[in-house]
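Reader: I would like to go through the charged side chains of this protein. Could we take them one pair at a time?

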Amino acid sequence: RKRLEGRGIMNEFNANRQVYSDSIRGTYVIFPLKYESSLNLTELTIDGAENADFSSYDMSDILARRCRKENGFVRRYILNSCIDDVHFSDGKILAVNESQLYVFNNRIAFFTVLVTYDNADAGYIDKLINPGYVQNYNHSFEENVIKAVSNISIGGVSNIFRLYVDDMKLAVKETYLFNVALVSRRFNELETIERITFNEHKLIDISRDFSDPSEKDIAYTYGAKDTNKCSYRWGACITSQSISYVYATDDMTAANVAEQSRDDVFLTMLVLHQKSTCMLVNEGIQNTLIDNKRQSLKYFRKVKMLKKEALEFRASGTLAPSQVSRWNNVCETYRCLLAVNGIDEALEEIEQKVELIRDEQERKSSDMQNYVATVIAVFGLISIVASVLSIVDLVNSGSTDIVAALGVSCIGVVLFVFSWLILMLKK
């Protein structure tokens, strides 16, 4: 039976190779950004850009409310003609359909470039990204993106956003890819979807017979099987470097690439936002913990601010899969994105470091209290000595009551000092 099933899967893939070969493809190249200035997202306007509010039936009510403009969590802008088409040395040109800017409220942003192409031209995208290798064969694209990011302006002021990576030569290497393929026929078998989306992930012809057992960090998700058509419309291959969708549709145009993938791109952005935020918080905690000036008041303020930022992000910057969508397959895609990108592990690391910060603050606070108590005790003893000297002058006058009071006072002072020393030794 298994042999027959496998033969059926191969037959579906082989029988429809021409259909898959005629697919329309698109790749969102996603550049992580960061910014230092304080931005009020409820009123933020990007010069020359179109505001694009979030609205989707895929979103749960809690996510839809959170993404409203007035809540200032995230904003999306469509940038008009800020990136030129991608040119190659052999004269080939791939069209850039749109560029978008996603701005989150915690100094994280993303710049996306959508490149559309025919399935036969997938090799050019592979050459543009050159995944798995440091070499870059298209410096003009990289330079155009860097220039476009620096030219994004707010109220005439530019250079607000910058690439997350410091080395500009690695700008393309630090990107995340969102791949799209449009095909004209629905799928009968899930493994057919897996083969096509895996080829997308590898940036090759999706009709090619290819496999790579060495890749382990991969998850697949699918749309539900239509009960009337008895077939599937979409599926996705999820890795830590990319997510690749295939959609069955009648509208086989480059313009439909953006339309089909709009909601799924935003779902991916939510996960990338968490991933970048974890990196940013971890970086801040690490730099603070190795600071040499750990006794300064400025250090304590910085530690307190980092702890607050980490706790706020953990409390309100993350969403459980069940809170993302009303559709189970969308929630499952989100869950797989979190798992493959190691978000849970990163959050756990942040919580551990927050505990370390809390412990250090408590220790420093205890040391400070002991220091203050010691100073108070010293001044108290000095005051007591001064009082004793005054009393001695009175004793010289010969009053027996004063002598008795002095004796009681001395015994009290001795008992106080003795008990204080015992408490200090216990600490």
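Reader: Is Lys202 buried, exposed or partly exposed?

Author: The model is a predicted one. Buried means under 20% relative accessible area and exposed means over 50%. Lys202 has a relative accessible area of 24%, so the term for Lys202 is partly exposed.

Reader: Which residue does Lys202 meet in a salt bridge?

Author: A salt bridge needs a side-chain nitrogen of Lys or Arg within 4 Å of a carboxyl oxygen of Asp or Glu. Here the N to O distance is 3.6 Å. The partner of Lys202 is Asp212.

Reader: How many residues apart in sequence are the parts that Asp212 and Lys202 tie together?

Author: Asp212 lies in the loop between α6 (190–201) and β9 (219–222). Lys202 lies in the loop between α6 and β9 too, so the parts tied together are apart in sequence by 10 residues.

Reader: Arg326 and Asp61 also meet in a salt bridge; how many residues apart in sequence are the parts they tie together?

Author: The side chains of Arg326 and Asp61 meet at 3.3 Å, N to O. Arg326 is in the loop between α8 (297–316) and α9 (328–340), while Asp61 is in helix α3 (residues 61–66). The pair therefore ties together parts whose separation in sequence is 265 residues.

Reader: What is the relative accessible area of Asp263?

Author: Asp263 forms a salt bridge with Arg262, with the closest N and O atoms 3.8 Å apart. Arg262 is partly exposed at 35%. Asp263 is partly exposed as well, and its relative accessible area is 27%.

Reader: How many salt bridges does the count come to?

Author: Some salt bridges are linked in a network, which joins Arg17, Arg195 and Asp209. The count of salt bridges comes to 10.

Terms used: Residues are numbered from 1 along each chain as its sequence is written. This is a predicted model: local features need pLDDT of at least 70, side-chain atom pairs count only at pLDDT 80 or more; totals for chains, interfaces and linings use all residues. Side-chain values use heavy atoms; hydrogens and water are left out. Helices (H or I, at least four residues) and strands (E, at least two) are DSSP runs, numbered from the N terminus. Buried means under 20% relative accessible area, exposed over 50%, partly exposed in between (1.4 Å probe, protein chains only).
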